[in-house]
Amino acid sequence: MKLNDIKAPAGATHNTQRKGRGDGSGRGKTSGRGTKGQMARSGSRRRWGFEGGQTPLFRRLQKRGFNNKNFETKYVEVPVSRLNVFADGDVVDLATIKEKGVANFDHKQDKLKIIGNEELDKKLTVKASKFTKSAKASIEAAGGVAEEV
């Protein structure tokens with residue numbers, strides 16, 4: 001088979017209709033455009049994606065592509081009161097919190113933030129990326145150490 005031998009299968013192509021050549025042709029008078037209105041006029045064309053005033057598909061679908069939000073730092077936020085599950089004198093960090101199941105983790109969260117101003121009963125060494133002022137104060141008030149990693 002050669003490229004010059006390729007032909008469209010039978011019935012795939014049709015002869016072009018000669019429009020506007022008298023009423024007897026069956027495609028005369030309005031030439032298949034109906035009567036009056038925007039689409040009956042010469043040069044009529046609605047813009048790409050126009051759906052008659054309805055919100056078009058490209059605006060209904062979500063945006064895709066590059067976004068800096070994909071690269072934001074995501075923290076696992078753990079309240080101070082949840083740290084009471086650890087024994088007195090323990091070192092608390094992201095790994096030990098995962099181990100004990102103290103917080104729910106998303107696969108993108110890779111840093112730890114201690115929040116809240118609740119009471120802490122144990123003397124702990126807490127290693128985290130961030131602390132709120134009240135969380136740091138309550139850890140130190142219990143005799144523990146709040147280290148920023």
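A salt bridge here is a side-chain nitrogen of Lys or Arg within 4 Å of a carboxyl oxygen of Asp or Glu. By that rule, Glu-72 and Lys-69 form a salt bridge, with their closest N and O atoms 3.5 Å apart. The model is predicted: local features need pLDDT of at least 70, side-chain atom pairs count only at pLDDT 80 or more, and totals for chains, interfaces and linings use all residues. Residues are numbered from 1 along each chain as its sequence is written, and side-chain values use heavy atoms, with hydrogens and water left out.

**Charged pairs**
- The count of salt bridges comes to two.
- Arg-60 bridges to Glu-51, the closest N and O atoms being 3.1 Å apart.
- On relative accessible area (buried under 20%, exposed over 50%, partly exposed in between; 1.4 Å probe, protein chains only), Arg-60 is partly exposed at 46% and Glu-51 is partly exposed at 31%.
- In the other bridge, Glu-72 is partly exposed at 39%, whereas Lys-69 is exposed at 52%.

**Aromatic rings**
- Rings of Phe, Tyr and Trp (its six-membered ring) pair if their centres lie within 6.5 Å; planes under 30 degrees apart count as stacked, over 60 as edge-to-face and the rest as tilted.
- Two aromatic pairs are found in a search of the whole structure.
- Phe-66 and Phe-71 have ring centres 5.9 Å apart and planes at 35°, so this pair is tilted.
- Phe-66 is exposed at 67% relative accessibility, and Phe-71 is exposed at 59%.
- Lys-98 lies over the face of Phe-105, 5.3 Å from the ring centre; the criterion is NZ of Lys or CZ of Arg within 6 Å of the ring centre and within 35 degrees of the ring normal.

**Nonpolar core**
- A nonpolar core is a set of buried Ala, Val, Leu, Ile, Met, Phe, Trp, Tyr and Cys residues joined through side-chain atoms within 4.5 Å.
- The largest one has 20 residues, and those with the most contacts inside it are Val-78, Leu-83, Ile-97, Leu-112, Ile-114 and Val-126.
- Elements giving it two or more residues include strand S1 (75-79), helix H2 (94-100) and helix H3 (133-141); helices (H or I, at least four residues) and strands (E, at least two) are DSSP runs, numbered from the N terminus.
- Leaving aside neighbours within four places in sequence, Val-126 is in contact with residues including Leu-83, Ile-114, Phe-131 and Ile-139, where contact means heavy atoms within 4.5 Å.

**Annotated region**
- An unreviewed UniProt entry annotates residues 87-147 as "domain: Large ribosomal subunit protein uL15/eL18"; such annotations may be inferred rather than shown by experiment.
- Over residues 87-147 the chain is 26% helix and 26% strand, with end C-alpha atoms 18 Å apart.
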